[in-house]
Amino acid sequence: MRLILFFLTALCVTMAQDDFYESFEDNRNGWFLENNAERMGEISNKNYYYENKKTPFHQSSISTVAFNQASDFILEARIRWVSGIDNNAYGLVFQSADVTTANYSTFHISGTGFFGIGQLVDNTYTAIKNWQQSPIINKQGTNDLKIEKKGNVYSFFVNNKFVYSTTTIKEQGS
C-alpha cells in the first residue's frame, strides 16, 4: 500500500497583533484525528502525523485559524515527508474561510523536489506558479515553508530561501 505520511512541527501565523503557534501537545486546534480505510491522523511526541491510504486520492488535514487574511501575515510550517508516493503534493492551504466551499489557495511541495502554487475559486483550479523543480527543497526530507503577505504581494519561501512572489492571488477568506 502506498501512502504519504508527514508531520508538522510548528505552524505559526503572525497577524497585526495576534500570534498563533501550534505545538501539537494536544488537539486544541481541531486536527483530523482518526484512523479509517482512507486516512489516518494522529498527534504523537509533539508531531502531527497524517497518512493518505487511498491512491489516487486527494485528502487534506486542515486546522482552521480565524484571522483577517486581508491584513499582512506570515504563515510558516515545518513539514517532513516520511514515506509513500514521493510526487504527491503536501504543504499549506491558505486564504480560505472554509475549505469545504472549494475556495482556497495552496503552496505545495513534493518529495521529488518540486513546488507549486495554486488557487481554487468556485471549484476551478488555476496554477499561480506551475510545478517547478528546486534544489532548495530537501527531497524526501524536512522542509520549512513560509508565505509572507505584505499589502497585495504574496512571497513564498522554502527553507528560508525565496522561491516566488505574486500579486495575482484573490483574497477569499477571513
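## A buried tyrosine

Tyr48 has a relative accessible area of 1% and is therefore buried, a word used here for anything under 20% relative accessible area with a 1.4 Å probe and protein chains only. The model is predicted, so local features need pLDDT of at least 70 and side-chain atom pairs count only at pLDDT 80 or more, whereas totals for chains, interfaces and linings use all residues. Residues are numbered from 1 along each chain as its sequence is written, and side-chain values use heavy atoms, with hydrogens and water left out.

## Rings around Phe24

A search of the whole structure finds six aromatic pairs, where rings of Phe, Tyr and Trp (its six-membered ring) pair if their centres lie within 6.5 Å, and planes under 30 degrees apart count as stacked, over 60 as edge-to-face and the rest as tilted. One of these is the tilted pair of Phe24 and Trp31, with 5.5 Å from centre to centre and 55° between the planes. Phe24 is buried because its relative accessible area is 1%, and Trp31 counts as buried because its relative accessibility is 6%.

Phe24 also forms a stacked pair with Tyr48, at 5.8 Å centre to centre and with 20° between the planes. This pair links distant parts of the chain, since Phe24 lies in the loop between β2 and β3 while Tyr48 belongs to strand β5 (residues 47–52), 24 residues apart; strands are DSSP runs (E, at least two residues) numbered from the N terminus. Through such ring pairs, Phe24, Trp31 and Tyr48 are linked into a cluster.

## Two nonpolar cores

A nonpolar core is a set of buried Ala, Val, Leu, Ile, Met, Phe, Trp, Tyr and Cys residues joined through side-chain atoms within 4.5 Å. The largest one has 21 residues, and those with the most contacts inside it are Phe94, Phe107, Ile147 and Phe156. At least two residues of this core come from each of β6 (73–83), β7 (89–94), β8 (104–110), β9 (114–121), β11 (142–150) and β12 (153–158), and the largest share, five residues, is supplied by β6.

A second, separate core has five residues, among them Phe24, Trp31, Phe32 and Tyr48. Phe32 is found in the loop between β2 (19–22) and β3 (34–35), and it counts as buried because its relative accessibility is 13%. The C-alpha atoms of Phe32 and Glu42 are separated by 7.5 Å, although these residues are ten residues apart along the chain.

## A charge over a ring

The charged end of Lys146 sits over the ring of Phe157, 5.1 Å from the ring centre, a description that applies if NZ of Lys or CZ of Arg is within 6 Å of the ring centre and within 35 degrees of the ring normal.

Note on methods:
Buried < 20%, exposed > 50% of the residue type's maximum accessible area, 1.4 Å probe, protein only. Helix = DSSP H or I, 4+ residues; strand = E, 2+ residues; numbered from the N terminus.
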